[in-house]
Amino acid sequence: VSGTITANSQNEVAGELRKKQLTLVNARAVQAEKKAAAGSGSKLTTTFWVLIILFGPMGYMIWVMTRPKIKLMEKVLFTRQLATMISAGIPLLECLEVLAEQSENAFFQRILNEVVEDVRTGNDLSDSLDKHPAAFTKIYVAMTRAGEASGQLDVILTRLAEYLEAMAKLRREIVGAMTYPVISLCMVLGITAFLMIGIVPKFKEIFDSLSIELPWITKTLLNLSLFLKGWWFLFIAAAIGAYIGFSVFKKTDTGERLWHMILLRVPLFGSLFRKVALSRFSRTFATLIQSGVPILGALEIVAVTSGNRVVEEAVLQGCEAVKTGEALADPLSRFWVFPPMVVRMISIGEKSGALEQLLEKIAEFYDQQVSAAVEALTSLIEPLMIGFMGFIVGGIVMAVFLPILKIQESLQK
């Protein structure tokens, strides 16, 4: 039997059901979740529009950089400490109070204080966490709920902390792979802008005084540098507008799917992103199954938390196939993002009843592949960026010195 009942706490719900000779199995504060989500969204929306009105396009960038965030390692530390304290026999409410008090992140501390109050009124920990999606993802809530149901909350939380640490390590490797090319590209653009705006225009007066016919590359360079010097603010405005437009487009269904498709197919980095997606899929799926989450619920959570729309659509189709009695490996084999090796191992795992172990093996394999790909990309990108920088700077120098060499040749004659 399922339904909706109005009450101030879970204990009150249980009491009302006992009067009707019913036993409470699970309850969720639906209205409270909606109010909490609405309140949180309202605050963020208000802040967003205030910044847009005051600062225009720059307001969006300010909002992105200053909105409250919780670092992944903060959640890892919280989860591991909570597991340790529960396994030591400390009551759950006392554990949460201590962890909320010692949190150094004001945003996270406020959320934990709200969780403490919810648990104090009789709500389950998983239901309390579910009210704060900005801090606790669906996989976090699902594993906590599985731990509560099995009576092994400390064990499940330890497993969850290990999962989050693996995800943090994966993220660090991706950031490490992207940091060098981004910094190098910014340096190239900065040097180019300095030369084009600060140095090249000064040569125009010299060339005009010499009254010589300039090579086409020098004329093009001088005209471009004068345009940049006079209208540089247009380029900055265009860059900001392009960033905002891209961010808005990426949030649409079509834009998100197209962007994730490009990420998986882009040269050099596409293979890396695909390996990351497969590692995240395998580890998340394995962790949920090991924690006792039903396979259909696990697939839905894996799809939502995959971080890639292509993978999400594949997993959701797999979920629908499993509902009809089909094996999971069959629908996954129809998507190019899942290589034959992964599909074959999932198929073997389903037939042998050792799906979670084989998924762990897949995750470990792709973690190693990601580390190797990061090292290979770093060693490959370095000479490419040096060559690109040399081409840009060398082209500018050549364009500037060609007329001087031309004058020197004429004087020698």
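**Entry 1: Arg145 and Asp127**

I looked up the side chains of Arg145 and Asp127 and found that they meet in a salt bridge, at 2.9 Å from N to O. I use the term for a side-chain nitrogen of Lys or Arg within 4 Å of a carboxyl oxygen of Asp or Glu. The pair links distant parts of the chain, with Arg145 in helix H8 (residues 138-150) and Asp127 in helix H7 (residues 125-130), 18 residues apart. Helices here are DSSP runs of H or I with at least four residues, strands are runs of E with at least two, and both are numbered from the N terminus.

I then checked accessibility. Buried means under 20% relative accessible area, exposed means over 50%, and partly exposed lies in between, with a 1.4 Å probe and protein chains only. Arg145 has 23% relative accessibility and therefore counts as partly exposed. Asp127 is buried at 3%.

I note for the record that this is a predicted model, in which local features need pLDDT of at least 70, side-chain atom pairs count only at pLDDT 80 or more, and totals for chains, interfaces and linings use all residues. Residues are numbered from 1 along each chain as its sequence is written, and side-chain values use heavy atoms, with hydrogens and water left out.

**Entry 2: other salt bridges**

How many salt bridges does a search of the whole structure find? It finds 13.

I looked at Arg283 and Asp367, whose closest N and O atoms are 2.4 Å apart in a salt bridge. This pair also links distant parts of the chain: Arg283 belongs to helix H13 and Asp367 to helix H18 (residues 355-412), 84 residues apart. Are Arg283 and Asp367 buried or exposed? Both are buried.

I also looked at Glu313 and Arg309, which form a salt bridge with 3.6 Å from N to O. The two are four residues apart in helix H15 (residues 309-323), so about one helical turn separates them. Glu313 is partly exposed at 22% relative accessibility, whereas Arg309 is buried with a relative accessible area of 16%. I traced these two into a network of salt bridges that links Asp253, Glu256, Arg257, Arg309 and Glu313.

**Entry 3: H9 against H13**

I next took helix H9 (residues 153-199) and helix H13 (residues 270-290), which pack at an angle of about 175 degrees with their axes 10 Å apart. The axes are lines fitted to C-alpha atoms, for helices over the stretch in contact, and the angles run from 0 to 180 degrees between N-to-C directions. H9 is therefore roughly antiparallel to H13. The scheme calls angles under 35 degrees roughly parallel, over 145 roughly antiparallel, 65 to 115 roughly perpendicular and the rest oblique.

I listed the residues in contact, which means heavy atoms within 4.5 Å. H9 contributes residues including Arg159, Tyr163, Met167 and Leu170, and H13 contributes residues including Phe273, Val276, Arg280 and Arg283. The residues of this contact divide into ten nonpolar, four polar and three charged. Nonpolar covers Ala, Val, Leu, Ile, Met, Phe, Trp, Tyr, Cys and Pro, charged covers Asp, Glu, Lys and Arg, and polar covers the others, Gly among them.

**Entry 4: Phe207**

I found Phe207 in helix H10 (residues 202-210). Phe207 is buried, with a relative accessible area of 3%. Leaving aside neighbours within four places in sequence, Phe207 is in contact with Ile212, Leu214, Thr218, Leu222, Val400, Pro403 and Ile404. Phe207 and Ile404 are 197 residues apart in sequence, and their C-alpha atoms are 8.8 Å apart in space.

**Entry 5: aromatic pairs**

I paired rings of Phe, Tyr and Trp (its six-membered ring) with centres within 6.5 Å; planes under 30 degrees apart count as stacked, over 60 as edge-to-face and the rest as tilted. The count comes to eleven aromatic pairs. Phe108 and Phe136 form a tilted pair, 6.1 Å centre to centre with 50 degrees between the planes. Phe108 is in helix H6 (residues 106-120) and Phe136 in the loop between H7 and H8, 28 residues apart. Phe108 is buried at 3% relative accessibility, and Phe136 is buried at 2%.

The rings of Phe246 and Trp259 are edge-to-face, because their planes stand at 80 degrees, with centres 5.0 Å apart. I also found Phe78, Phe108, Phe136 and Tyr140 linked by ring pairs into a cluster.

**Entry 6: totals**

I counted 18 helices and zero strands in the protein. Buried residues make up 39% of its 413 residues.
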